[in-house]
Amino acid sequence: MTNRQPNRLKMMFAALAVTALSTNAFARRGGDDVGNGGGLAEQNFVVALENLEKYAQICLDLDACQLNDSQRAVLRDIIETASVARDLDKPLIFVSEKQEPGTFILNGEMKVAKTGLKPGTPIYINTDMIYSKNIFGLVEPLSISQAVAVLVHELGHHVSKLSHSELDLIGVRVSLMLQNHVQTTPVLPWSPDISATIVQSPKGESFPQILLRVGDMLWDLGPAFKTSVFCPKFNIPIPILPFPDLQFGREAPLGVMYHNVHWEKSARENSGGDYTIFGNLTHMCDSRNVFMAVNSFRMRISFQTALDPQGRPVFVNNSLRMEQSYEPWYKLIQLPR
Ligand SMILES: [Zn+2]
């Protein structure tokens, strides 16, 4: 059996700490089997496993997830043992059923994944089932949310005696709740070349995960984002338009939501391009021990790309800029009674 294994997540810290979530060597596998796709589905599985606790917790935090007590207990066990799964040298093993016939046939059915019955057994992923063609005939990878559904099912086998269909249900619920808190926005709707994915926890006191995909690479902009946002130290609201609130100083926020995110006009020439992501910020600020939501800022994230010899875009190191600007996008106006 040929074991296909992504390299462990490679960490890179630039001036604005940007974390590369995978390497080219890993990214070029898997997807190549089906034309293109560049290993994007495999990357999504790696991201899903790396963040499984955080993603599954969204379901536990929300009544809307609608799990009963025993299902919640299984999910809690899955969360508790996710790190055991990751500690393996090869936690995820990508195998093509076509190349290794019979690997994923269980009870006469072809499965997307399989694993053992105790924590710390690797999860085998069927690379023939993690890409599909969209209506343009282009290959699309399984999303992070879909990968989470598969992993919750497989990790469920490690910690419970539940059946495949019972584990499917838990996996799908977790995946749906995650999907409600994920915004993925590609520059071009039919191309996976450049896209941003923002994962926002439902808790106010948290920071978003911002995953930037450029070509075959995935970058985690979350840590850089966290260091780039700030609350005003003093805020005197002026409830009259068009006068701005009076704000002084800078302070670290308790949490920030990045929403209404879109791409600004971007230009691409033959050799590369300039891109900007733009969105509204809602800060949770501790203003003299008063918890306050601030809707006065927006965030511009810009970066540059170049082209690799295959004509695929690559992120230009040190080109990342994050700029929080004062642009109140919402104001509560109190009218005199
Ligand atoms: Zn199963």
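At what angle do helix H5 (residues 144-159) and helix H6 (residues 164-179) pack? The first legend answers this.

**View 1. Helices H5 and H6 pack at an angle of about 145°, with their axes 8 Å apart.** This is a predicted model, in which local features need pLDDT of at least 70 and side-chain atom pairs count only at pLDDT 80 or more, while totals for chains, interfaces and linings use all residues. Residues are numbered from 1 along each chain as its sequence is written. Helices (H or I, at least four residues) and strands (E, at least two) are DSSP runs, numbered from the N terminus. Axes are lines fitted to C-alpha atoms, for helices over the stretch in contact, and angles run from 0 to 180 degrees between N-to-C directions. The residues of H5 that meet H6 include Val148, Val152 and Gly156, and those on the H6 side include Leu167, Ile170 and Val174. Two residues are in contact if their C-beta atoms, placed from the backbone, lie within 7 Å. By class, the contact of H5 with H6 has nine nonpolar, eight polar and one charged residues. Ala, Val, Leu, Ile, Met, Phe, Trp, Tyr, Cys and Pro count as nonpolar, Asp, Glu, Lys and Arg as charged, and the others, Gly among them, as polar.

**View 2. Val74 is found in helix H4 (residues 69-87).** Val74 counts as buried because 21 other C-beta atoms lie within 10 Å. A residue is buried if 20 or more other C-beta atoms, placed from the backbone, lie within 10 Å of its own, exposed if 12 or fewer, and partly exposed in between. Beyond its neighbours within four places in sequence, Val74 is in contact with Gly156, Val159, Ser160, Leu162 and Ile170. The C-alpha atoms of Val74 and Leu167 are 9.3 Å apart, although 93 residues separate them along the chain.

**View 3. Ile240 lies in the loop between strand S13 (234-236) and strand S14 (246-248).** Ile240 is exposed because it has 9 C-beta neighbours inside 10 Å. Its C-alpha atom is separated by 9.2 Å from that of Leu335, 95 residues apart along the chain.

**View 4. Strand S17 (residues 272-287) and strand S18 (residues 290-307) run antiparallel and are joined by 15 bridges.** Two strands pair if DSSP finds at least two bridges between them. Ile277 stands opposite Ile301 in S18. The two strands form a hairpin with two residues between them, and Arg288 in the turn has a positive phi of about 45°. S18 also pairs with strand S20 (residues 321-326) in the antiparallel sense over six bridges, where Ser302 has Arg321 as its bridge partner. Three bridges join S18 to strand S19 (residues 313-315), again antiparallel. The hairpin of S18 and S19 has five residues between the strands, and Gly311 takes a positive phi near 80°.

**View 5. Helix H2 (residues 40-50) is mostly covered, with 10 of its 11 residues buried.** Among the buried residues are Leu40, Phe45, Val46 and Leu49.

**View 6. Over residues 1-17 the pLDDT is below 50.** pLDDT is the predictor's confidence in each residue, from 0 to 100. The mean for the protein chain is 84, and 87% of its residues reach 70 or more. Over residues 22-37 the pLDDT also stays under 50, and the model has 51 contacts beyond four places in sequence for this stretch. Where pLDDT is low, the predicted coordinates should not be read in detail.
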